[in-house]
Amino acid sequence: MERTLTILKPDCVRKQLIGAVIDKIERAGFRVVAMKKTRLTQATAGEFYAVHRERPFYGELVEFMSSGPCVPMILEKENAVADFRTLIGATDPAQADEGTVRKLYADSKGENIVHGSDSAENAAVEAGFFFSAEEVVRVD
Ligand code: GDP
């Protein structure tokens with residue numbers, strides 16, 4: 001079993017797509033092991049995306065990610081990291097495969113509905129960013 005970290009981004013929450021996206025996630029075989037609704041500040045959004053600090057879109061990204069509530073989740077499945085990235089599709093919805101979350105719901109490369117970790121190592125770091133050990137409870 002592997003874990004990945006996703007965030008249903010502020011555009012997902014604003015468009016009232018939390019349920020639709022979680023439905024796709026669960027139907028694809030992921031188990032939700034932790035979930036909360038929260039709001040990032042500019043400082044915490046900047047820290048989460050620190051790897052992109054030098055990129056031209058960093059300011060826009062921080063602004064967007066702190067623009068409203070979001071829903072981080074830890075998901076578990078075999079091959080979770082890669083399978084989740086397949087489920088959500090390419091960063092730019094225009095490039096995303098048919099049926100992927102971003103193709104279905106995203107407006108742009110910036111406002112693209114969901115985050116998905118790019119490695120199991122980063123997933124663990126990102127999970128620790130949002131959740132304490134007591135909040136990670138897989139009971140089923
Ligand atoms: P991801 O792994 O598919 O989320 O993509 P990246 O790691 O390359 O980028 C992280 C996030 O930065 C993306 O999900 C977008 O929200 C945002 N982003 C990436 N490229 C752009 C861009 O060209 N413009 C803007 N505004 N945001 C971008």
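**Sheet and helix packing in the predicted model**

Strand β1 (residues 2–8) is joined to β4 by 3 bridges, and the two strands run antiparallel; here strands (E, at least two residues) and helices (H or I, at least four residues) are DSSP runs numbered from the N terminus, and two strands are taken to pair if DSSP finds at least two bridges between them. The structure is a predicted model, in which local features need pLDDT of at least 70 and side-chain atom pairs count only at pLDDT 80 or more, whereas totals for chains, interfaces and linings use all residues. Residues are numbered from 1 along each chain as its sequence is written, and side-chain values use heavy atoms, with hydrogens and water left out.

The pairing of β1 with β4 places Thr 6 opposite Gly 116, and Thr 6 also stands opposite Met 73 in β3, a strand with which β1 pairs in the antiparallel sense over 7 bridges. Strand β3 is in turn joined to β2 by 4 bridges, again with antiparallel direction, and in this pairing Val 32 stands opposite Leu 75. Together these strands form an open sheet of 4 strands in the order β2-β3-β1-β4, with antiparallel pairing. The edge strands, each pairing on one side only, are β2 (31–35) and β4 (114–116), and the twist from one strand to the next averages 25°.

In a regular strand, the side chains alternate between the two faces of the sheet. In β3, 7 of the 7 residues are buried, where buried means under 20% relative accessible area, exposed over 50% and partly exposed in between (1.4 Å probe, protein chains only). Both faces of β3 are covered, with Val 71, Met 73, Leu 75 and Lys 77 buried on one side and Pro 72, Ile 74 and Glu 76 buried on the other.

Helix α7 (residues 120–130) lies across β1, β3 (71–77) and β4, and runs at about 55° to β1; axes are lines fitted to C-alpha atoms, for helices over the stretch in contact, and angles run from 0 to 180 degrees between N-to-C directions. In helix α5 (residues 80–88), the buried residues are Ala 80, Val 81, Phe 84, Leu 87 and Ile 88. Seen down the axis of α5, these residues fall within an arc of 125°, so they line one face of the helix, the arc being that of the directions from the helix axis to the C-beta atoms. The buried residues of α5 pack against β1, α2 (18–27), β3, α6 (101–105), β4 and α7, with contact meaning heavy atoms within 4.5 Å. Helix α5 is followed by Gly 89, whose phi is positive, near 90°.
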